[in-house]
Every structure is written in structure tokens, then in C-alpha cells.
Amino acid sequence: MKRYLLQRIGFMLITLFIIVTATFFLMQLLPGTPFTNPEKLTESQLAILNAKYGLDQPVAIQYIQYIGNLVQGDLGYSFQHEGRTVTSMISDRIGPSAFIGLQALVIGAIIGLVLGIVSALRHNSILDYGSVTLAVLGMSIPSFVFAALLQYYVGVKLEWLPVALWEGYSSTLLPSIALSVTVTATVARFIRSEMLEVIGQDYIITARAKGLKENQVIVKHVIRNALIPVVTMLGPLAVSIMTGTLVIEKIFAVPGLGEQFTLSILVLDYSVIMGITIFYSALFILVVFVVDIIYSFLDPRINYKGESA
Amino acid sequence: MSNTILTVDNLHVAFKTQTGKLTAVRGVSFDLKKGETLAIVGESGSGKSVTAKSIMQLLPTATTEVTKGDIVYNGESLLKMTKRQVTNLRGSEISMVFQDPMTSLNPTMKVGKQIMEGVQRHEQLTKAQARERALDMLKLVGIPQAENRLDNYPHQFSGGMRQRVVIALALACNPKVLIADEPTTALDVTIQAQILDLMKDLQKKTDTAIILITHDLGVVANMADRVAVMYGGKIVEQGTLDEIFYNPQHPYTLGLLQSMPKLSEDRSQPLLPIAGSPPNLATLGEGCAFAARCPHTMAVCHTYTPRDTVSETGHSVACWLQDPRIAASEETAELVETGNSSL
């Protein structure tokens, strides 16, 4: 187990290093520099700025310096916001994103599980067709369409919830609901197909042959086994939804990380782009790792101890 | 009077397919007596597993349907019972052992728990008592160090050991009838013998009647008291083990027996297969299902379905060759040639 964990952590670091390197050099390929004269700076002022942020050095040197700082946990300063560290910018912005994301995840997972389970149990019924259709729609229609519809009907017409405002809990609801549609659809489709597969397994017939009541069979044997793979899917989904989505945050005026990320790309705030990318990747890699560990507890067939199964 | 525990009477089971109903079991009848072993033999697709599963009503109702006939357990029709009543019988009165032990246990549940689940469903036992029962059952089926094995998962057992667990699970509530659907097909030959011995041994202890579904005549010879031979969704011949093995009447039974390799024979002798292939159930109409492959086919065989001819000892055959109306009558000569009369 220990050996496996160490190995995995090693691979995680290598993955992160590759991502950092690729992002760093790809970013340099973007046209322009952080200080392309928005405020009519003189040559000498530009030189001072470039020198301050180390942009006068060759790219290779900049890269080595960046990696050096990164290893010490230093993500540097923003190029656009004088004196603000990237770390503080991320920690200021992650709150709203994470909250909306988590709320969307909970709503989506609950509705998705219910829809998926019901349609698997009523396979090939109108109910099943209905929820599959809903799931396909939910996956294929972009969330900003739902966002706009919600804003118009719930916000403007009914005036139940604020349209685009960041004040108090009520303003978190619409963005969460808009985000949750994709989660609902993904979870519903996934659990449905997993359940249908499990229902066809021989051990379900064994469970029925034991005389178990149908709800015992479904809960203890079918759902229990169908949920295991759902965990693997939910982890990465949670990361991508909780670290902020640009469009939703923009539409609902949420001061989240997604909005910050786009902003920093537009103004070529190198250190912020790097910082958010690293934050996102690291979180993703970590969650995948944690999910794998959880999996070994949920599914007894999987163990990382290297024992013979 | 009867020590008959289970009667299957003229059972018809159909699959609902997109092109219409496909009748897989076309009139199966047999009696099962207390404590005996009835083997149902037949090739793949002959309807033996469907028959077995329909007794337990384990066939998916969305795609299958009992269209005719009855199944009577202990004087009560299983088909007329409520779903609840049937579930109550499953596992407690009638149990089942399945073909593939690798897939018939829940991979994420400890084997002890899987046995306890059934026991607790049918008997008012505390958890500790149920666990005790599970332990006894594992010991009974010969699992070494049963105490430690209760908390193991199925993947920690070998195939043969898993089948022992499945048998333990099936017998945990002392059922009167055990349906074993090809219980040894997925196992090594050496393990097969162990499992069969185990089943025979347990049957002696518990006096359970066994319906043994198999296509392996070796297994039949080893286990059965009576044998029913199935072909094309029907039982074509039924009798005691000796009657079937030493006095087979149906050409199909004879063909099956002849196609078995014998140790006593010269090994250069080729095996005698039954020519042709199993019938397509979708296109099977009137007439004997075996007619197309039978070496003794008569015209009548293609047109009229043979009825059961039953001897005094209960040996029954569904074949025109044995039908007294054909065998005894000279007048039927023409009928035999042309098949044009109404029998």
C-alpha cells in the first residue's frame, strides 16, 4: 500500500510538472506582453516594469525562476494588480465558485440519482424515455441557455430571485440551478446505465432466488453495486464545477474564480494564469487520487496492497 | 397419498420478441417426489433452464410469460400465488443453484452476509444466530476454516469453493426442493465430482428433492433417480435412470447415449453424433420437433405431434414409433407413408 501511494504521488508530481511547463511556454506564444501600453507608458517606464517582474530576462531564465519559486509554494505577484499575490487572489475568488458549485453538485447529484434510478427500474417505460430525453437535452444544451431562461422567467417575470447580483444566499440559487442541469443529466445517464448492467448480473437472480423482497434486492444489491463507479465520475465532475465556470459566473455576476481566470487571460496576467492553472490541475489530480483510494474501500476486489486477490 | 412435492403440468413459456411470441417451453409435465433427484437433460436451447427458472418465477416478466399450464407446489399453484407468497417460498421452500459460481455471488458483499441475508429473510433469527447458521452451512459444505471465511468476499474463493458457498446459501433454510441449473458445468472435472458428491451427501442429510438440469449424461448417471429428456421445448422421454440408460425408447435419447464416448470402446472408433442441428423454435409448428434429425422419420412425424406413450412402470415416450396406434395397426400403413389422416 505504502509503495503504491508513493508511486502514485510521484506520478502526480510529474503530471503537474508537465502541465506547468506546457502552460508556461504556451502562454508565451500568446501575442503581446502584459504591459502592451494600455496607459501610454514611456519606454523607460516599460523597462522598469519589465525589470520589476523579470520579463526582461530570457524565457528560459524566467521559467527556471518560476519553477524555483513554485517549489517553495510561491505563486508570485499579479502583473495587473499592484502588490497582490496570486495566492490571495485565488483564495478571495474561490469561495463563491466553490459554494455555487457545491450547491449545484448536491442538487444535480440528488435529482440525477433519482431520475437515473427510476428510469432504470422502469426500463423502457414512458418514464424511462422521458428522463433519458431530459438527460440528453441537459447534456447537449449549454448551461448559459438555461441561465438566460432562468433569469428571464424566475428573475425578471416572477421576480422571485435576483437576476444578476452578488448579495446574500438568494443570489446563489439561480447560478447553482443553471449549473446543476449538466450534473443532473450526467449523473442520471451514468447511474441508469450502471444499474441496467447490474440488474442483468447473475448475482441479482441469486438475490431474488434467496427470496429477498424486491426493494431489498434493489437497495442492497443493485444500487450498492451501481453506485461504486458513480463515485469515480463524481470526483472530477466536482472539481470542474467547483472551481468556477466562466459563463455562468459572468452571466450572474458572481465574483468567482472562473471570471478571474478569463480576465487574467484577456490582460495577459501571466502569473495569475499560471497560478489558477496550477491550482486547478493540482486539485484535479488530487481528487482523482482520492477517488481511487475511496474506490478501494468501496470495492473489495480492488486493493493496492499488492496481495494476490 | 402423494409424496409428490412439485408438479409441473403442461407448462408453456413464451418469450416476447419483436417479431412476436416465441414459445421456448411447449408443454412440459413432470412430477417431483420428496427426496428424489430428477435430472432434466437436453442440449442448449431445449428449454431446460427456462423450465427451471419459471418454477421459481425468476424469468423477467417484461420479456417472458407462462402462456399455459400450471406449476403446483405442495398442492398449491405457484402461478396463482401473489408475488409476495412466491417470494416467501423462494429460498425457504424452493432454492436454486446456478451455473456459474464466478458470477452468481455479489462481488461486494461478504459471503457470510450473503448467506445470512436469506436466513434472516425467512426465519426470525438474531444477527448472531443467523451468523451462526451461516457458519454451520459453510462447515457443512466443506469450506475449511469457515470461521475466517465468513468475512471474505467472493473473489477470495476459488470457483469450486464459490459453488460450495452458493450451495450453502441455497440450503441455508432447509428447502424441500433444490433446483440445480447446470451446477458443475463451469467447474473443473475434478471439482465437478466433489460438488456432485457434496450434493448427494447433503441430500441424504436433508432429504431435499433435487431437480438437476444438465447436458452432461455422466452427471446424470451419477446423481439421478429419474431422468427427463428434453428436446425442442418438450420432454420427449421420461423414466427411471435404468429405463433411460438401458432401455431408451426415443431416437433422440438413443442418439444422446450413442454420442457419448465410452472407455470400453476402441479409441479409433469415431463418436456418433446426432446429425443436423437443434430446431429453430420460431419456425417449429405441428409435428415432432426431432423429425428433421431422426433416423426413423415417418411421414406422420412431420404432420402430427406425437403423444406420450406411458408404460406400466411410468416410462413415457413421445414418439410415433412407440405409439400403439401405429405399432399395432396394419391399417395405418398408409397413414405412416403419407401422414394424411386425422389421428
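Mentor: Look at α6 and α7 of chain A, which in this predicted model pack at an angle of about 140°, with their axes 9 Å apart. (Axes are lines fitted to C-alpha atoms, for helices over the stretch in contact, and angles between N-to-C directions run from 0 to 180 degrees.) α6(A) and α7(A) are therefore oblique to each other; angles under 35 degrees would be roughly parallel, over 145 roughly antiparallel, 65 to 115 roughly perpendicular, and the rest are oblique. To find them, go to residues 143–157 for α6(A) and residues 170–199 for α7(A). The helices are DSSP runs of H or I with at least four residues, strands are E runs of at least two, and both are numbered from the N terminus. Residue numbers start from 1 along each chain as its sequence is written, while chains are lettered from A and ligands numbered from 1 in the order written. As for the predicted model, local features need pLDDT of at least 70 and side-chain atom pairs count only at pLDDT 80 or more, but totals for chains, interfaces and linings use all residues.

Back to our pair: α6(A) passes α7(A) in a right-handed crossing. On the α6(A) side, the contact uses Ser143(A), Phe146(A), Ala147(A), Leu150(A), Gln151(A), Val154(A) and Gly155(A). Facing them from α7(A) are Leu174(A), Ile177(A), Ala178(A), Leu179(A), Val181(A) and Thr182(A). (Contact here is C-beta atoms, placed from the backbone, within 7 Å.) Sort these residues by class and you get nine nonpolar, four polar and no charged. Nonpolar covers Ala, Val, Leu, Ile, Met, Phe, Trp, Tyr, Cys and Pro; Asp, Glu, Lys and Arg are charged; the others, Gly among them, are polar.

Helix α7(A) has another partner. The axes of α5(A), residues 126–140, and α7(A) come within 8 Å and cross at roughly 135°. That makes α5(A) oblique to α7(A), and their crossing is left-handed. Ser131(A), Ala135(A), Gly138(A) and Met139(A) of α5(A) make the contact, meeting Val181(A), Thr182(A), Thr184(A), Ala185(A), Thr186(A), Ala188(A) and Arg189(A) of α7(A).

Now follow α5(A) to its other neighbour, α4(A), at residues 86–121. α4(A) and α5(A) pack at about 140°, with axes 8 Å apart, in a left-handed crossing. Leu115(A), Val118(A) and Ser119(A) of α4(A) touch Leu127(A), Asp128(A), Ser131(A) and Val132(A) of α5(A). By class, this contact has four nonpolar, two polar and one charged residue.

Step back to the whole chain. Chain A has twelve helices and zero strands, and its C-alpha trace spans about 85 × 60 × 30 Å along the principal axes. In an unreviewed entry, UniProt places the feature "transmembrane region" at several stretches of chain A, including residues 132–153 and 173–191. Its positions follow the numbering used here, feature names are shortened, and annotations may be inferred rather than shown by experiment. Residues 132–153 of chain A are 91% helix and 0% strand, with end C-alpha atoms 25 Å apart.

Chain A also has a partner chain. 19 residues of chain A are in contact with 24 residues of chain B. α8(A), residues 202–209, and α9(A), residues 214–242, each supply at least two residues to this side of chain A. α8(A) gives the most, with seven residues. The side of chain A that touches chain B has seven nonpolar, five polar and seven charged residues.

How far to trust it? Chain A averages a pLDDT of 87, and 97% of its residues score at least 70; pLDDT is the predictor's confidence in each residue, from 0 to 100. In chain A, α8(A) has the highest confidence at 93, and α2(A), residues 43–52, the lowest at a mean of 80. Chain B has a mean pLDDT of 88, with 94% of its residues at 70 or more. Residues 337–343 of chain B fall below 50, and beyond near neighbours in sequence that stretch has nine contacts in the model. Where pLDDT is low, the predicted coordinates should not be read in detail. For the complex, the predictor gives an ipTM of 0.85 and a pTM of 0.82.

Methods
Two residues are in contact if their C-beta atoms, placed from the backbone, lie within 7 Å. A crossing is left-handed if the near helix is turned anticlockwise from the far one by less than a right angle, and right-handed if clockwise.
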